[in-house]
Amino acid sequence: MKIAVIGTGYVGLVVGACFAENGNDVICVDNDAAKIRGLQRGRIPIYEPGLEELVRRNRAEQRLAFTTALARAVRASQIVFIAVGTPQGEDGSADLQHVLDVARAVAKAMNGYKVIVDKSTVPVGTAERVRNVIRRETTHPFSVVSNPEFLKQGAAIEDFLKPDRVVIGAEDPRASELMQELYAPFTRTGAPIMVMDCASAELSKYAANAMLATRISFMNEIANVCDAVGADVDHVRAAIASDRRIGPSFLFPGVGYGGSCFPKDVKALVRFSKEHRYDFQILRAVEAVNEAQKAWVLGRLEAHFGSLKGRQIAVWGLAFKPRTDDMREAPSVTVINGLVGRGARVHAFDPEAQPVARGIFGSRIAYADSGYDALTGADALVILTEWSEFRRPDFARMKTLMRAPVVFDGRNIYEPAAMKVRGFTYFSVGRP
Ligand SMILES: NC(=O)c1ccc[n+]([C@@H]2O[C@H](COP(=O)([O-])OP(=O)(O)OC[C@H]3O[C@@H](n4cnc5c(N)ncnc54)[C@H](O)[C@@H]3O)[C@@H](O)[C@H]2O)c1
């Protein structure tokens with residue numbers, strides 16, 4: 001099939017490359033000319049495992065192209081995906097400006113029947129708004145489909161090629177059939193394609209992210225209670241994870257969730273529920289708990305050191321989670337700003353996110369060449385992202401590099417008893 005994907009970010013680029021991988025002809029469009037120029041030269045603007053190879057192969061086989069020329073891409077395509085950002089607006093709602101701008105531009109370019117697909121995460125009612133915008137601009141026939149994306153950064157290609165499910169919100173059979181045909185190769189292993197109305201499809205995406213965020217905040221509160229009563233959250237987690245009604249995923253406490261999705265999607269769901277006169281009480285608490293949890297590291301550091309002024313703090317992990325370079329809403333931003341604000345000197349290391357971090361912190365912090373480099377002369381190490389390479393370091397070497405062997409582990413990646421034997425003063429979340 002001939003496909004245009006408008007918005008070549010974390011989602012659009014993965015979606016475009018994966019559709020091309022399954023034999024479709026895909027044109028990825030973005031209004032960021034530098035990004036497109038880079039992609040045309042084979043430069044991948046983000047870190048996502050496997051993406052570079054996928055893009056290279058499909059470009060070489062001429063199934064994947066990059067352009068800023070939206071109109072031409074739309075005219076050459078039957079299905080047009082809108083995958084632009086829906087950032088948080090000032091009042092917490094999802095800002096639909098980019099989605100509606102693109103819808104208008106797509107409508108103006110139309111030269112026949114098109115299926116226009118909302119891939120961006122958008123509040124309930126957006127498909128209808130997109131439909132109205134397009135109707136005002138064109139007399140050509142079209143269908144609007146809601147097709148929320150559930151991929152996870154860090155495993156995006158795997159998730160897209162082998163989804164747990166595909167959700168299609170479609171109100172007419174022609175578009176629904178085309179979408180099912182497009183996704184059929186991705187669901188051969190039995191994953192369901194779920195066809196529903198647009199409102200339910202739109203809400204499904206928010207419900208999924210809100211449920212996952214709720215589990216994280218819930219476990220962070222359980223961890224805080226563990227601290228208060230002297231229980232161990234690892235035991236509590238294992239005990240509840242074995243309950244099939246609960247299951248093991250998303251039960252790890254830490255320094256709070258971040259990223260480009262959970263924070264904004266939780267806020268947007270609260271907001272559009274309110275617009276429909278519903279007070280989403282649980283989610284307001286989920287958000288408040290998450291904000292409080294980001295203060296865990298600073299609270300623990302101050303309890304240990306008193307003033308942080310002049311302390312040198314090594315930070316391992318800047319990305320909001322491993323296997324990505326994305327730092328949008330990363331807890332590391334709150335923690336590092338807090339450290340710098342209290343007069344501490346920060347020496348940070350992340351395997352992939354350092355170029356992004358430089359854009360955020362500039363020269364306010366120092367950047368290390370390796371995890372060990374960050375430790376030289378450190379009064380303490382703070383761990384904020386559970387990259388695999390942090391899991392089995394040379395502890396003896398760490399001790400020789402640090403001024404004092406003190407570790408604040410915001411991701412619970414080491415065993416407290418083993419750290420004690422190794423001679424570290426070790427703090428983790430919800431474990432004695
Ligand atoms: N990142 C994720 O893991 C993820 C997962 C599922 C869903 N989503 C949703 O997908 C959407 C996109 O997220 P993302 O992380 O890929 O965002 P992103 O910021 O990485 O990418 C958005 C891209 O759209 C481009 N763009 C903006 N306006 C444009 C316009 N008028 N014309 C052409 N291009 C334009 C930007 O230049 C950018 O490259 C959001 O709604 C997000 O909530 C994201």
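The cavity search gives one cavity of 30 Å³ or more, a cavity being a set of points on a 1 Å grid over the protein atoms alone where a 1.4 Å probe fits but cannot get out. The structure is a predicted model, in which local features need pLDDT of at least 70, side-chain atom pairs count only at pLDDT 80 or more, and totals for chains, interfaces and linings use all residues. Residues are numbered from 1 along each chain as its sequence is written, and side-chain values use heavy atoms, with hydrogens and water left out.

The largest cavity has a volume of about 40 Å³, where volume is the space filled by probe spheres set on the grid points, which are joined across faces, edges and corners. Its lining, meaning residues with an atom within 4 Å of a point, consists of Tyr257, Pro263, Lys267, Glu287, Asn290, Glu291 and Lys294. Helices H11 (262–275) and H12 (281–294) each supply at least two of the lining residues; helices here are DSSP runs of H or I with at least four residues, strands are runs of E with at least two, and both are numbered from the N terminus. H12 gives the most, with four residues. By class, the lining of the largest cavity has two nonpolar, one polar and four charged residues. In this scheme Ala, Val, Leu, Ile, Met, Phe, Trp, Tyr, Cys and Pro count as nonpolar, Asp, Glu, Lys and Arg as charged, and the others, Gly among them, as polar.

Helix H11 also takes part in an open site. The second largest pocket has a volume of about 220 Å³, a pocket being an open set of points with protein on both sides within 12 Å along at least five of seven lines. Helix H6 (126–137) and H11 are the elements that give two or more residues to its lining, and H11 gives the most, with four. Of the 14 lining residues, Ala94, Leu96, Pro123, Arg129 and Glu275 lie nearest the centre of the pocket. The lining divides into six nonpolar, four polar and four charged residues.

Charged side chains also pair across the chain. The whole structure contains 25 salt bridges, each defined by a side-chain nitrogen of Lys or Arg within 4 Å of a carboxyl oxygen of Asp or Glu. One of them joins Asp91 to Arg271, at 3.3 Å from N to O. Asp91 is in the loop between strand S4 (79–82) and helix H5 (97–109), while Arg271 is in helix H11, 180 residues apart. Asp91 is partly exposed at 42% relative accessible area, and Arg271 is partly exposed at 25%; the class lies between buried, under 20%, and exposed, over 50%, with a 1.4 Å probe and protein chains only.

A second bridge, between Arg300 and Asp227, has an N to O distance of 3.2 Å. It connects helix H13 (residues 296–305), which holds Arg300, with helix H9, which holds Asp227, 73 residues apart. In the bridge between Asp234 and Arg431, the closest N and O atoms are 2.9 Å apart, and both residues are buried.

Lys205 lies in helix H9 (residues 198–229). This residue is buried yet has no salt bridge, and the nearest side chain of opposite charge, Asp265, is 5.2 Å away; Lys and Arg count as positive, Asp and Glu as negative, while His and the chain ends are not counted. Not counting residues up to four places away in sequence, Lys205 touches Thr121, Pro148, Glu149, Phe150 and Asp265, contact being heavy atoms within 4.5 Å.
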